[in-house]
Amino acid sequence: MPRPPAPEVKQVSSAGPSPVLIGAVVLLVVALVGALVLWAVTRQGGMEATGSANALPEGGGIQVGAPVSDDVPQVQLYEDFQCPWCGVLEEAVGDDLAARAEAGEITLTVTMMSFLDGKLGNDSSRRAAGAALCADDEGAFLPYHAAVFAGQPAQEGTGWTDEELLGFGEAAGLTGESLSSFTACVQDGTYDDYVADMQERSNRDGITGTPRLLVNGEQVEDTRLQGLMEGSTDLAELLADGS
């Protein structure tokens, strides 16, 4: 009886994936690794976040007024927009500090912290600080700063809606294209990274609570700071003394 024919054996290609496919996978992996490295370097301080028009490097805050020199007092203010005592200090001397800065009589640096978000369970400090930076780009940092504190909720922790933070832009005098640019900046969260850098910088500076006021690098004593809030300490005298 004749032997049946052998089954046909199909040839399997040993060429493997095409060079085009391999190249595409390699490029994708390289892109992902590059993005991860960039993110890690940025957050570890290798690349600093970009701040607004008058923002200092490395989360140093917003500087307004006279250029830094030995001829005028250097005033550094650490605040959190949700801090009630910061609101009291702003009401007591905010207009005076702003007027002196705008007249070039002092160099005023304001560092907006956001540590109260964690304590109060919201993100209003971060969002308000970011909006203040957007206002800085439109030349309205101090008016916006004042408007936020003027609109501070009676109950600590209530915070602000996005609409309220945008409304403070109008209260700060922004109109037309400036208001539109400010609104887009806020809605895009443009300065979220710089706001985080300000908090990290404050931590490195040893600032554990707000408000804190420094004059020529020396921290104002709590009793004198309390006096400013109560009206028993004269700001001009404090600035003349240097702390």
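Visitor: How many disulfides does a search of the whole structure find?

Guide: One disulfide turns up, counting a pair of cysteine sulfur atoms within 2.5 Å as a disulfide. This is a predicted model, where local features need pLDDT of at least 70 and side-chain atom pairs count only at pLDDT 80 or more, while totals for chains, interfaces and linings use all residues. Residues are numbered from 1 along each chain as its sequence is written, and side-chain values use heavy atoms, with hydrogens and water left out.

Visitor: Which cysteines form the disulfide?

Guide: Cys134 and Cys185, with sulfur atoms 2.1 Å apart. The S-S torsion is about -75°, so this disulfide is left-handed. Helices here are DSSP runs (H or I, at least four residues), numbered from the N terminus.

Visitor: OK, H4 then. What angle does H4 make with H8?

Guide: H4 (residues 124-137) packs on H8 (residues 192-204) at about 110°, axes 9 Å apart. Axes are lines fitted to C-alpha atoms over the stretch in contact, and angles run from 0 to 180 degrees between N-to-C directions. That makes the two helices, H4 and H8, roughly perpendicular, a label for 65 to 115 degrees, whereas over 145 counts as roughly antiparallel.

Visitor: Which residues make that contact between H4 and H8?

Guide: From H4, Arg126, Ala129, Gly130 and Leu133; from H8, Asp192, Tyr194, Val195 and Met198. Contact means heavy atoms within 4.5 Å.

Visitor: Back to H7. Is its packing with H6 roughly parallel or antiparallel?

Guide: Roughly antiparallel. The angle between H6 (residues 162-171) and H7 is about 155°, and their axes are 10 Å apart. On the H6 side you have Leu165, Leu166, Gly169 and Glu170, meeting Leu179, Phe182, Thr183, Val186 and Gln187 of H7.

Visitor: Switching topic: what pLDDT does the protein chain average?

Guide: It averages 86, with 80% of the residues scoring at least 70. pLDDT is the predictor's confidence in each residue, from 0 to 100.

Methods: Angles under 35 degrees count as roughly parallel, over 145 as roughly antiparallel, 65 to 115 as roughly perpendicular and the rest as oblique.
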